[in-house]
Amino acid sequence: MELTPSFVLLLQDFLPVFTAPTFQTFVQVVTGWLLSHRHRYITEVIFAGGNLDNGHWCRFHRFFSHAAWSPDGLAVCLAKLVFRVFALGGTVLWAVDDTLCRKRGLTLYGAGMHHDPLISSRAKPLVSWGHDWVVLCLLIVHPFWAPTKVFALPIVTRLYRNRQGLTKGKKSKTKACRTKAKPDPNHRTRPQLAIELMALVAAWFPHDDLVVSGDSAYGGRSVLSHLPGNVHLISQVHPKGALYAPAPPRLPKAKGPPRKKGARLPGLAEWAADTNQPWTELAFDQFGLHAVLQVKTQQALYYKAGGQRLLTIVLTRDRDGQRPDHRFYCTKLDWSPRQILAAYACRWAIECTFENSKQYLGLEDPANRLPQAVRRTAPMALVLYTLVVVWFHVSGHLFLSFPRRPWYRHKQEPSFADLLTTLRRVSYEEQTAQLQTDGYRLQTWITQLTELLSRTG
């Protein structure tokens, strides 16, 4: 089984990351991963790629657990490929968030109990056992083949390890010396991992302005106070967060250290009720936001999180009352409220990316146990998500055709499922066209294809 040459050509950008034999295994892993219709276990990837008799199967397992290649090296090549294909530069939108991959087994490296948003409610938060990945995505807003959609392309990831992930299996099992494992001095929280990812990308593109949007979990001091020089942040102010006016100028004969902040400003409810500053109405009809919002704007200090850094604060109120009042902040002071809210709304694409990666690319499927394999295998699904979108932008859109659905004739723009379907269909069609003159190879290939398409579990 082979992918279309137009897709394989994109993989040549990753040659510097691998040795020659490892790159060949990489291409075979990518092929099997994208063509598989089942769980992305390594054994299934071997079968779907047609590599059952292509060397020993251990080399596919060792590709993730022992081979000499760097995930960050793969990420920098991926980022530069995306920048080149989409002709990005200047001000680039990014999004950061984390996602839970549910797992089974207590001996999995880095697994722990994490908040599970799919089974939780506002009244009762619940947790699940698994891996928690912090992901930094590049936002592609309104590509020409989907002019109303936004795609979040995963670039670089980090595995978050909480207390269970750090200490599971490290406590002494004897009653004589039952002591807790020492805390890991290198432990980092999710926001700290997000800053690590931002610093990494900022070093790759030092001449571009990177505008990162994140939810309230990535809007506190551990992120806002440690942003790299060319990175800006859009996030939310805590509902009870205090805002302050900038520090007044120091008087000539004043004693003591200069003031760091001015007077405290009204809170969320008081600011919303203030009649001295009227509301301004903004209508949004875009990906992630379809509403008419009333807004108020001011520049202030979110001192507890950002210290003396001046921020643009935007207070929003849904005219129809379907959303609660929120305060957003942006470190880019020359942006208008419409730009800030529109950019933050695009962050929803990262949630779509997580769902599609789990549903269509098996982000939760790999059953690796060792540290190196865990850090490499699951992120491969996110890398392939990005590569599928890049391929479709380069050449795949020329082969797009929607299936005939009499009950759904108005579809105009492809989803990620359509992108992946197009890649598979083009790959299948090119192989059948090449095999029509060779009866034995054609029969062998059709037999394997029939087996692939008929497997359901």
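Start by selecting Lys103, His131, Trp133, Pro366, Asn368, Ala373, Val374, Thr377 and Ala378, the residues that line the largest cavity. Here a cavity is a set of points, on a 1 Å grid over the protein atoms alone, where a 1.4 Å probe fits but cannot get out, and lining residues have an atom within 4 Å of a point. Now colour strand 3 (127-141) and helix 13 (371-394), the elements that each give two or more residues to this lining. Helix 13 has the largest share, with 4 residues. (Helices are DSSP runs of H or I, at least four residues, and strands are runs of E, at least two, numbered from the N terminus.)

Before moving on, a word on the model: it's predicted, so local features need pLDDT of at least 70 and side-chain atom pairs pLDDT 80 or more, while totals for chains, interfaces and linings use all residues. Residues are numbered from 1 along each chain as its sequence is written, and side-chain values use heavy atoms, without hydrogens and water.

How big is the volume of the largest cavity? About 60 Å³, taken as the space filled by probe spheres set on grid points joined across faces, edges and corners. The count is 1 cavity of 30 Å³ or more.

Next stop, the largest pocket: select Arg122, Gln236, His326, Tyr344 and Arg347, which lie nearest its centre among 30 lining residues. A pocket is an open set with protein on both sides within 12 Å along at least five of seven lines. This one holds about 900 Å³ of space.
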